[in-house]
Amino acid sequence: MTLNSHFNRSATDVTGNVTLTAADSGKTFVVKADGVVITLPSTALGLTYTFKNGSRYDGEYAYAVSPAAADGFTGNGFTAAINKDAVVAKATSRAKDEFTIFGTGTAGVTAWTFQSVMGTITREA
């Protein structure tokens, strides 16, 4: 990972698989490689992460954000399920798309809530 300043937010370039910690809360992660998996820590109330597609053109990068085994995502039309990734697929990937998630602190299907989504994010089947 490489730190950069991106729109005056603390941003980190992601060029390979990475596991986040609570200390990474509040950062923006700019994905700059295809096939990356970003693993989240267990949910905790108030943790916030933003993921941005750092590609130069549409359809360049696909990536996944993976919750802890006991956690899941809610919102964005996701069907309730635990241990399923949020996926950005190449077919729907657009340069500069981004999404932000918020930790509820409650393990299970509502562990992570989508605060904002710009683009198409799907849930792993």
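# Aromatic pairs, core and sheet

A search of the whole structure, a predicted model, finds nine aromatic pairs. One of them joins phenylalanine 51 and phenylalanine 99. These two residues also touch the most other members of the largest nonpolar core, which holds 24 residues.

**Aromatic pairs**

- Phenylalanine 51 and phenylalanine 99 make a tilted pair, with 5.3 Å centre to centre and 40° between the planes.
- This pair links distant parts of the chain: phenylalanine 51 lies in strand 6, phenylalanine 99 in strand 10, and 48 residues separate them.
- Both phenylalanine 51 and phenylalanine 99 are buried.
- Phenylalanine 73 and phenylalanine 78 form an edge-to-face pair, at 6.3 Å centre to centre and 80° between the planes.
- Phenylalanine 73 and phenylalanine 78 are both buried.
- One aromatic cluster takes in Phe29, Tyr49, Phe51, Phe73, Phe78, Phe99, Trp112 and Phe114.

**Nonpolar core**

- In the largest nonpolar core, of 24 residues, Phe51 and Phe99 touch the most other members.
- Elements giving two or more residues to this core are strand 4 (28–31), strand 5 (36–39), strand 6 (48–53), strand 7 (63–66), strand 9 (86–88), strand 10 (98–103) and strand 11 (108–118).
- Strand 11 contributes the most, with three residues.
- Leaving out residues up to four places away in sequence, phenylalanine 99 touches Tyr49, Thr50, Phe51, Tyr63, Val65, Ala86, Val88, Phe114, Ser116, Val117 and Ile121.
- In soluble globular proteins, nonpolar side chains tend to be buried together.

- Five strands build an open sheet in the order 3-5-7-9-12, with mixed pairing.
- Strand 3 (18–19) and strand 12 (122–123) are the edge strands, each pairing on one side only.
- Strand 7 pairs with strand 9 in the antiparallel sense, over three bridges.
- Valine 65 has alanine 86, in strand 9, as its bridge partner.
- Valine 65 and alanine 86 are also among the residues that phenylalanine 99 touches.

**Serine 66**

- Serine 66 sits in strand 7.
- Its relative accessible area is 13%, under the 20% cut-off, so serine 66 counts as buried.
- The serine 66 side chain makes a polar contact with the side chain of aspartate 85, at 2.9 Å.
- Not counting residues up to four places away in sequence, serine 66 touches Val37, Ile38, Thr39, Leu40 and Asp85.

Key:
Residues are numbered from 1 along each chain as its sequence is written. This is a predicted model: local features need pLDDT of at least 70, side-chain atom pairs count only at pLDDT 80 or more; totals for chains, interfaces and linings use all residues. Side-chain values use heavy atoms; hydrogens and water are left out. A nonpolar core is a set of buried Ala, Val, Leu, Ile, Met, Phe, Trp, Tyr and Cys residues joined through side-chain atoms within 4.5 Å. Buried means under 20% relative accessible area, exposed over 50%, partly exposed in between (1.4 Å probe, protein chains only). Helices (H or I, at least four residues) and strands (E, at least two) are DSSP runs, numbered from the N terminus. Contact means heavy atoms within 4.5 Å. Two strands pair if DSSP finds at least two bridges between them. Rings of Phe, Tyr and Trp (its six-membered ring) pair if their centres lie within 6.5 Å; planes under 30 degrees apart count as stacked, over 60 as edge-to-face and the rest as tilted. A polar contact is a pair of N or O atoms within 3.5 Å; within protein, one must be able to donate a hydrogen and the other to accept it, and residues adjacent in sequence count only if both atoms are side-chain atoms.
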